[in-house]
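Reader: I would like to learn how to read a chain like this, feature by feature. Where do we start?

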Amino acid sequence: MTDEAGPLMNPLPDELVVQCVYCFEWVAIAVDPQDRGVMVQDCDVCCRPLQITVSWMPDGQPALQIAPGN
């Protein structure tokens, strides 16, 4: 779909479910299409920091690597 300004971009972030490296619970992580590199986000269950490395696959899908945060 396009508008007069060009193709419409998906303004909503992708939401991926990952497993916490501390408590092993599954938590949702929102990733915007502009996100790249490393970010730190607390686990929604145990509140410990997760280091999240965001990259993108050639097909446009996000790929996350989860590690203990500092």
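Predicted model: local features only at pLDDT ≥ 70, side-chain atom pairs only at ≥ 80, totals over all residues.

Reader: How many bridges join E6 to E7, and do the strands run parallel or antiparallel?

Author: Strand E6 covers residues 49-56 and strand E7 covers residues 62-68. They run antiparallel, with 7 bridges between them. Thr-53 faces Gln-65 in E7. Ile-52 has Ile-66 as its bridge partner in E7.

Reader: Which strand pairs with E6 through 6 bridges?

Author: Strand E5, residues 37-42. E5 and E6 are antiparallel. Here Val-38 has Thr-53 in E6 as its bridge partner. Thr-53 also stands opposite Gln-65 in E7.

Reader: Which residue takes a positive phi in the hairpin of E5 and E6?

Author: Cys-47, near 65 degrees. That hairpin has 6 residues between its strands.

Reader: How do I read the faces of a strand?

Author: Begin with the general idea. In a regular strand, side chains alternate between the two faces of the sheet. Now take E6. Its covered face holds Leu-50, Ile-52, Val-54 and Trp-56. Its uncovered face holds Pro-49, Gln-51, Thr-53 and Ser-55.

Reader: Which residues make up the largest nonpolar core?

Author: The largest nonpolar core has 11 residues: Val-18, Cys-20, Val-27, Ile-29, Val-31, Cys-43, Leu-50, Ile-52, Val-54, Trp-56 and Leu-64. Strand E4 (26-31) and E6 are the elements that give two or more residues to this core. E6 gives the most, with 4 residues.

Reader: What is Cys-43 in contact with, leaving aside neighbours within four places in sequence?

Author: Cys-20, Cys-23, Val-27, Arg-48 and Leu-50. Cys-43 is itself in the core, as are Cys-20, Val-27 and Leu-50.

Reader: Now step back. How many helices and strands does the chain have?

Author: It has 0 helices and 7 strands. The pattern along the sequence is β-β-β-β-β-β-β.

Reader: What share of the residues counts as buried, and what share of the surface belongs to carbon and sulfur atoms?

Author: Of the chain's 70 residues, 20% count as buried. The accessible surface is about 5,100 Å², and carbon and sulfur atoms account for 54% of that.

Reader: What share of contacts joins residues 24 or more positions apart?

Author: Count the contacts with a separation of 6 or more; 21% of these join residues 24 or more positions apart.

How values were computed. Residues numbered from 1 in each chain as written. Heavy atoms only, no water. Buried < 20%, exposed > 50% of the residue type's maximum accessible area, 1.4 Å probe, protein only. Contact = heavy atoms within 4.5 Å. Areas by Shrake-Rupley, 256 points an atom, 1.4 Å probe, with all protein chains shown as cover. Pairing = 2+ DSSP bridges. Core = buried A, V, L, I, M, F, W, Y, C linked by side-chain atoms within 4.5 Å.
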